[in-house]
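Biologist: Please take a close look at one part of this model and describe what surrounds it. I would like one connected account, in plain terms.

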Amino acid sequence: MISEAESMLSRFQTLDARFNQLRDGVNTELEAAVGRINSLAQQISALNEQISGAEGPASQPPNDLLDQRGLLISELNKYVKVTTIEQADRTVNVSIGSGQSLVVGSTVLPLAVSSSDDDPSNLEISLTAGSSLVPLPSDMFQGGSVGGLFAFREQMLDGAQNQFGRVALVLAHAFNEQHRL
């Protein structure tokens, strides 16, 4: 009986380690995605500045720069749903998710990754506001790989790990009850 219990405990520890590896993988991918999003935002901002400077009353539109910016916005859209609003000077303001500004003209409002207050093992995306971080709700990130990561973590991983924990508690309780008898 003790041997079987030790074997079961070993399997439970292996499954728990796998759940933690999956969570760490999600966190690593979120960090990489936020880094790439910030890089793309910086590039879009720089192109906005060049486009704004190239535009004049008698000048031709800077088509190459506009094309480059369009490609960067398409790339950004792979990470998170993007909304753009073109301004009179042909610059674009870029919002992500459900309306959070990321690029306004030539200004970037960078994102950061930080530990969640609810569960420190989970990372969340925050907006950098000066020297402080403002957490953004995960449901704000619809679409793209970031939305997929949040959906996987919240709809699949958290639920599976919670159910696994409940099974372990019930088994431990039943084992202890039998042991008492």
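Modeller: Gln-155 counts as exposed, because its relative accessibility is 62% and exposed means over 50%. Keep in mind that this is a predicted model. Gln-155 belongs to helix α3, which covers residues 144–180. For a sense of scale, take Ala-46: from C-alpha to C-alpha, Gln-155 and Ala-46 are 37 Å apart in space, and they are 109 residues apart in sequence.

Whereas Gln-155 is exposed, Phe-164 is buried, and so is Phe-12. The structure has three aromatic pairs. Phe-12 and Phe-164 make up a tilted pair, with 5.1 Å from centre to centre and 35° between the planes. The pair joins distant parts of the chain: Phe-12 is in helix α1 (residues 2–54), Phe-164 is in helix α3, and 152 residues separate them.

The volume of the second largest pocket is about 190 Å³. Its lining consists of eight nonpolar residues, one polar and one charged.

Helix α3 takes part in the largest pocket as well. That pocket has a volume of about 220 Å³, and 14 residues line it, of which Ser-116, Asp-118, Glu-124, Arg-153 and Glu-154 are the closest to its centre. The largest share of the lining, four residues, is supplied by α3. In this lining there are seven charged residues, three polar and four nonpolar.

For another buried residue, turn to a loop. Thr-91 sits in the loop between β1 (82–86) and β2 (92–96). Thr-91 is buried because its relative accessible area is 4%, and buried means under 20%. The side chains of Thr-91 and Asp-89 make a polar contact at 2.6 Å. Leaving out residues up to four places away in sequence, Thr-91 touches Asn-48, Ser-52, Arg-69, Ile-85, Glu-86 and Gly-105.

Note on methods
Residues are numbered from 1 along each chain as its sequence is written. This is a predicted model: local features need pLDDT of at least 70, side-chain atom pairs count only at pLDDT 80 or more; totals for chains, interfaces and linings use all residues. Side-chain values use heavy atoms; hydrogens and water are left out. Helices (H or I, at least four residues) and strands (E, at least two) are DSSP runs, numbered from the N terminus. Buried means under 20% relative accessible area, exposed over 50%, partly exposed in between (1.4 Å probe, protein chains only). Rings of Phe, Tyr and Trp (its six-membered ring) pair if their centres lie within 6.5 Å; planes under 30 degrees apart count as stacked, over 60 as edge-to-face and the rest as tilted. A polar contact is a pair of N or O atoms within 3.5 Å; within protein, one must be able to donate a hydrogen and the other to accept it, and residues adjacent in sequence count only if both atoms are side-chain atoms. Contact means heavy atoms within 4.5 Å. On a 1 Å grid over the protein atoms alone, a cavity is a set of points where a 1.4 Å probe fits but cannot get out, and a pocket is an open set with protein on both sides within 12 Å along at least five of seven lines; lining residues have an atom within 4 Å of a point. Grid points are joined across faces, edges and corners, and a volume is the space filled by probe spheres set on the points. Ala, Val, Leu, Ile, Met, Phe, Trp, Tyr, Cys and Pro count as nonpolar, Asp, Glu, Lys and Arg as charged, and the others, Gly among them, as polar.
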